[in-house]
Amino acid sequence: MIPEPPPNPETEALARRPERPLVEGSPGQPPPTPGGRSNASRVRLARGIAIAADAVQLLLLPLFAGGFVSPVNDALDVVIGLVLVRLVGWHWAFLPSFVAELVPGLDLVPSWTVAVWFATRSRAPNSA
């Protein structure tokens, strides 16, 4: 029979130490939840905001087509982009959408809706 070695306080402390959580923003971890919202509710909210923003821009197209209200459209796009990044985290799909919204004529495409769908397609909200 082999005698057991005496206990080592350092190895026992390491064995009792809890596993460190993932660092915020590391791969495999969703972005932080603003306001304590669940991932599914953030995805639904982001999709709703994107659809609403595209609908406002399409329905009010004569106002946003040019002239003095055009800066309002640009400001709306900047705010929508920041809100969507805050809700679902940064995704490369937001960059071409933002550029498309600034190009006259190309902003007729519902680019925010497409970008949010593309960014959240693997995180589809549960129906529950």
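Gly89 sits in the loop that links H4 and H5, where helices (H or I, at least four residues) and strands (E, at least two) are DSSP runs numbered from the N terminus. The model is predicted, so local features need pLDDT of at least 70 and side-chain atom pairs count only at pLDDT 80 or more, while totals for chains, interfaces and linings use all residues. Residues are numbered from 1 along each chain as its sequence is written, and side-chain values use heavy atoms, with hydrogens and water left out. Gly89 counts as buried because its relative accessibility is 10%; buried means under 20% relative accessible area, exposed over 50%, and partly exposed in between, with a 1.4 Å probe and protein chains only. Between the C-alpha atoms of Gly89 and Thr120 there are 9.6 Å, with 31 residues separating the two along the chain.

The protein chain contains six helices and zero strands, and its elements read α-α-α-α-α-α from the N terminus on. Of its 128 residues, 25% count as buried. Contact here means heavy atoms within 4.5 Å. Among contacts between residues at least 6 apart in sequence, 61% join residues at least 24 apart. The chain exposes about 9,000 Å², and carbon and sulfur atoms supply 69% of that area; accessible areas come from the Shrake-Rupley method with a 1.4 Å probe, and for residues only the protein chains shown count as cover.

Next come the helix pairs. Two packed helices are described by the angle between their axes and the distance between the axes. Axes are lines fitted to C-alpha atoms, for helices over the stretch in contact, and angles run from 0 to 180 degrees between N-to-C directions. For helix H2 (residues 39–59) and H4, the axes come within 9 Å and cross at roughly 170°. H2 is therefore roughly antiparallel to H4. On the H2 side, the contact is made by Arg42, Leu45, Ala46, Ile49, Ala50, Ala53, Val56 and Gln57, and H4 contributes Asn73, Leu76, Asp77, Ile80, Val83, Leu84, Leu87 and Val88. Angles under 35 degrees count as roughly parallel, over 145 as roughly antiparallel, 65 to 115 as roughly perpendicular and the rest as oblique.

Arg86 belongs to helix H4 (residues 70–88). With 52% relative accessibility, Arg86 counts as exposed. The C-alpha atoms of Arg86 and Ala46 are separated by 9.3 Å, although the two residues are 40 apart along the chain.

Phe94, Ser97, Phe98, Ala100 and Glu101 of H5 meet Ser111, Trp112, Ala115, Val116 and Ala119 of H6.

Thr113 lies in helix H6 and is partly exposed, with a relative accessible area of 26%. Leaving aside residues up to four places away in sequence, Thr113 touches Ala50, Ile51 and Asp54. From Thr113 to Ile49 the C-alpha distance is 8.4 Å, across 64 residues in sequence. Val114, also found in helix H6, counts as partly exposed at 49% relative accessibility. The C-alpha atoms of Val114 and Ile51 are 9.1 Å apart, with the residues 63 apart along the chain.

Finally, there is the surface. Trp90, Trp92, Leu95, Val99, Val103, Leu106 and Val109 make a nonpolar surface patch of about 700 Å². Patches are made of residues with over 30% relative accessible area and no salt bridge, with like charges joined within 9 Å and nonpolar side chains (Val, Leu, Ile, Met, Phe, Trp, Tyr) within 5 Å; a salt bridge is a side-chain nitrogen of Lys or Arg within 4 Å of a carboxyl oxygen of Asp or Glu.
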